[in-house]
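Here is a friendly briefing to read alongside the model.

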Amino acid sequence: MTPNPLLDFSGLPRFDAIRTPHVSPAVDDLLVEARATVERVAADSRPASWATVVEPLAETLDRLDRAWGAVRHLNAVVSTPDLRQAYHDNLTKVTAFHTDLAQDMRLFDRYRALAASPEYAALDGARKKAIDNELRDFRLGGAELPDEKKARFKAVQEELANLSAKFDDNVLDATNDWALFVEGEPELAGIPADVLAEARAGAEAEADGKRGWKLTLRMPCYLPVMQYADNRELRAALHRAYVTRASELGARPEWDNTPVIARLLVLRREAAELLGYPNYAEYSLVPKMAKNTEEVMTFLNDLGRRVKPFAERDYAELTAFARDDLALAEFTPWDLAYASEKLKAKRYAFSEQEIRHYFPEDKVLAGLYRLVETIYGITIREATAATWHPTVRFFDITDRDGTLIGQFYLDMYAREHKQGGAWMDDAINRRRAGARLQHPVAFLTCNLSPPVDGKPATFTHDEVITIFHEFGHGLHQLLTRVEVAGVSGIQGVEWDAVELPSQIMENFCWEWDVISHMTAHVDTGAPLPRELFDKLLAAKNFQSGMQTVRQLEFALFDMLLHSAWDPHGGGEWPTPQALAEAVRREIAVVPRAPYDRAVQSFGHIFAGGYAAGYYSYKWAEVLSADAYSLFEEQGVLSPAAGARFRDEVLARGGSRPAIESFVAFRGRPPQLDALLRHNGMVIPA
Ligand SMILES: [Zn+2]
């Protein structure tokens, strides 16, 4: 029998040999091995030490992660029905193993004994942090609770998971259920042809073969109708249906999320109180960079105070334009997207297609690599490795002296059976295993248009930004110098700080000194004209004030709902809806319809991972903008600023708190000014 390639850990994943039938046997083997290791560590009678507790677990978890990571990756980029089945079958087993691990009291005791031992005091910062993180996660999972409270905590977690799933189902059902059939084409004026073709096909596909066009609340229909339909009544009808989804004003009472939200909030408060926190926000913030609710609220309020005048200016300009150019004297919520599109088109006339001709793939990658080689003192060279598709490329990153730092796969193009979107994932994490140093390896995945007719692939400016963004996550994973599993690369980095290394890269895409070196017209070879770049730059901050206060409104509502709002009644705001309206009065500049029930479909905080965490979008933007301002001060291509970012942020990974890394890099705590300046929101002196 040939050995299972998923169990070969001697080097890179064996993508040339891995086949679906290898998956289950490999995962079963690794889980048996991992459970045996857990038993051995738990039952070990020797004193708890780094060598008797952390190392054996790290070794076995690393093997499981690497094999499972390869399977997860293949399922995402070259899925087949068989592979998907194998992935789902084994996902259940792998998840169950991790759940058991997190609740294993014997391991918790071993970690506690290790933290109390004389050895701990002598460990370096990265090792201490890895142990502290384990203890924190055990505690947040309820490991320290007495038995009856532990059972209750578990029951609460399960009910919360079910309620979140129910919340999502209700929004999805309410969205999918609604449709409007339009019979006359004049009523659809302004809507793009591809959207109408889709709507026509939708009507024809109906069981009773409807005539005309079927409009729905799904994004690819809803958004273009709101942006482009000249028919105001049509926009009003879709708007009303959209903002009342899954509410008491929606189509069906069984899809109303009002009771789901009420129960969720009661249970979240209970879970937090069981663990000794006054509310869910304080509990949610424990593993995050923000210290407490007060710090987040101060941050949001400061930003709001400085941004609101610009949002008001944006709104005044928009309503004046709507009145004068569009004859919309009484501005309504369903005019917002429509008038904004018209104003944008009037002010910044250029086409995405025109821009994209100047960004062929080879120029973009060469420009990106030259940038990071210059500022970080590294070298990137194409290399060879087994891959999962002929278009996938592979690269080595070395130091200037040729020492290997890390490697990455680059899978650029959209294709069938590949998950949409762009992301970075770890293939191998950096760590020391005895005498051997394991180099980090990353997967960089995008879904860009492939080359056609022998011409190179070309990218829009947005797509160039996406490539830079994901490459920033990749550098965080690959330029780490930490040798401890769990805190090297992106592992163990606080959730609200993980976008700093990726977002900082986006800034370079707005620098003429960087961009001018990475363009060549796909037909003529001419560089991007400065005039076109200036138009791009001008459009960048269109309505940035309005967009920022909208994000702040969501973030403030989320934070107050999980801290100040009382789920047991009483208090200043009787319902989440009342709180949402109070927040809007405070911060919003765009009026809402009285029937607006957007809270009932706010999936980020009720069904996603963003509860008491929505602020992190703006939080990370402030960090990355402020960090980038050091490059602006020292020179955009400054190797000194680059070396400092590499040493203090990228190299450190999760081995110390993100705020310490930030301050070590910037020389002071984060400030709002750079983000406001980048967004064009500065009051002229
Ligand atoms: Zn990201």
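Predicted model: local features only at pLDDT ≥ 70, side-chain atom pairs only at ≥ 80, totals over all residues.

Residues are numbered from 1 along each chain as its sequence is written, and side-chain values use heavy atoms, with hydrogens and water left out.

**The H21–H22 pair**

- Helix H21 (residues 544–561) packs against helix H22 (residues 576–587) at about 140 degrees, and their axes are 9 Å apart; axes are lines fitted to C-alpha atoms, for helices over the stretch in contact, and angles run from 0 to 180 degrees between N-to-C directions.
- Helices (H or I, at least four residues) and strands (E, at least two) are DSSP runs, numbered from the N terminus.
- H21 and H22 are therefore oblique to each other, a term for angles that are not under 35 degrees (roughly parallel), over 145 (roughly antiparallel) or 65 to 115 (roughly perpendicular).
- On the H21 side, the contact (heavy atoms within 4.5 Å) is made by Val549, Leu552, Glu553, Leu556, Phe557, Leu560 and Leu561.
- H22 contributes Pro576, Leu579, Ala580, Val583, Arg584 and Ile587 to this contact.
- By class, the contact of H21 with H22 has eleven nonpolar, two charged and no polar residues; Ala, Val, Leu, Ile, Met, Phe, Trp, Tyr, Cys and Pro count as nonpolar, Asp, Glu, Lys and Arg as charged, and the others, Gly among them, as polar.

**Nonpolar cores**

- The largest nonpolar core has 142 residues, and Phe408, Leu475, Phe508, Phe606 and Phe645 have the most contacts inside it; such a core is a set of buried Ala, Val, Leu, Ile, Met, Phe, Trp, Tyr and Cys residues joined through side-chain atoms within 4.5 Å.
- Helix H13 (residues 293–326) gives the most to this core, with twelve residues.
- Apart from this core lies another, of 56 residues, including Ala48 and Val487.
- Not counting residues up to four places away in sequence, Leu475 touches Val372, Tyr376, Ile378, Ile397, Thr480, Met505 and Leu650.

**Two buried residues**

- Val599, in the loop between H22 and helix H23 (603–606), is buried at a relative accessible area of 6%; buried means under 20%, exposed over 50% and partly exposed in between (1.4 Å probe, protein chains only).
- Beyond four places in sequence, the contacts of Val599 include Phe557, Pro576, Ala580 and Phe606.
- Val599 and Val243 are 356 residues apart in sequence, yet 8.8 Å apart in space, C-alpha to C-alpha.
- Thr398 lies in strand S4 (residues 393–399) and counts as buried, at 16% relative accessibility.
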